[in-house]
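Dear colleague,

Please find the structure below.

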Amino acid sequence: MRSDLADTFEKLTTARGFTKESGFHVRDFKEGFVALEVKPKEQLVQFMGYVHAGVVTGLADHAAGACYASVLPEGKACLTIELKINFMKPAQGDMLVAEATALSRGASIGVVRSDVWAETGGDRVMVATALVTLKSISL
């Protein structure tokens, strides 16, 4: 894995678009595992006050992409080609964390499991789990 990848990913996450506006940040980053976090804010909730399912899905997807990218060689990036997510509980708490683990590290296709947790104080509750398939692309 490239040693600069975690810093590069954090810069990309905060540079523009959805991930910048949502407030996603890197919590942990190593080869084959990435944890991203977001502090819930009013702009990210749905009508009942829970974090919107689109934000939860985006967090799971973004963590999965970073996870697969962590095992790719320099000059490669990835794009999601399929995502399946199960929501188990409403997303609410002090922090949401997506923990992504590479299940398959193919040179052209990768599969990543991305679990999303809600944290409040010292308690953690799994709110969603996603299985994400990604395709390696050249930069």
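The structure holds one aromatic pair. In this description, rings of Phe, Tyr and Trp (its six-membered ring) pair if their centres lie within 6.5 Å; planes under 30 degrees apart count as stacked, over 60 as edge-to-face and the rest as tilted. The partners are Phe18 and Phe24, and their arrangement is edge-to-face, with 5.6 Å from centre to centre and 85 degrees between the planes. Phe24 is buried at a relative accessible area of 0%, whereas Phe18 is partly exposed at 45%. Buried means under 20% relative accessible area, exposed over 50%, and partly exposed in between (1.4 Å probe, protein chains only).

Before going further, please note that this is a predicted model, in which local features need pLDDT of at least 70 and side-chain atom pairs count only at pLDDT 80 or more, while totals for chains, interfaces and linings use all residues. Residues are numbered from 1 along each chain as its sequence is written, and side-chain values use heavy atoms, with hydrogens and water left out.

The nonpolar core

A nonpolar core is a set of buried Ala, Val, Leu, Ile, Met, Phe, Trp, Tyr and Cys residues joined through side-chain atoms within 4.5 Å. The largest one here has 35 residues, and Val56, Leu59, Leu96, Val112, Val116 and Leu134 have the most contacts inside it. At least two residues of this core come from each of α1 (5-15), β2 (33-38), α3 (53-69), β3 (76-87), β4 (95-105), β5 (109-120) and β6 (123-138). Helices (H or I, at least four residues) and strands (E, at least two) are DSSP runs, numbered from the N terminus. The largest share of the core, 10 residues, is supplied by α3.

Helix α3 has 17 residues and reaches 24 Å from its first C-alpha to its last, close to the 24 Å expected at 1.5 Å a residue; the expected span is 1.5 Å times one less than the number of residues. Because 12 of its 17 residues are buried, α3 is largely enclosed by the rest of the structure. Among these buried residues are Val55, Val56, Leu59 and Tyr68. Leaving out residues up to four places away in sequence, Val56 touches Val51, Ile85, Phe87, Ala91, Leu96, Val116 and Ala128; contact means heavy atoms within 4.5 Å.

Charged side chains

A salt bridge is a side-chain nitrogen of Lys or Arg within 4 Å of a carboxyl oxygen of Asp or Glu. By this rule there are seven salt bridges. In one of them, Glu37 meets Arg27, with the closest N and O atoms 2.7 Å apart. This pair links distant parts of the chain, since Glu37 lies in strand β2 and Arg27 in strand β1 (residues 25-30), 10 residues apart. Arg27 is partly exposed, at 38%.

Another salt bridge joins Arg113 and Asp115, at 2.8 Å between the closest N and O atoms. Arg113 is partly exposed at 38%, but Asp115 is buried at 12%. Salt bridges that share partners also join Arg27, Glu37, Glu99, Glu119 and Arg124 into one network.

The charged end of Arg124 sits over the ring of Trp117, 4.4 Å from its centre. The rule here is that NZ of Lys or CZ of Arg is within 6 Å of the ring centre and within 35 degrees of the ring normal.

Yours sincerely
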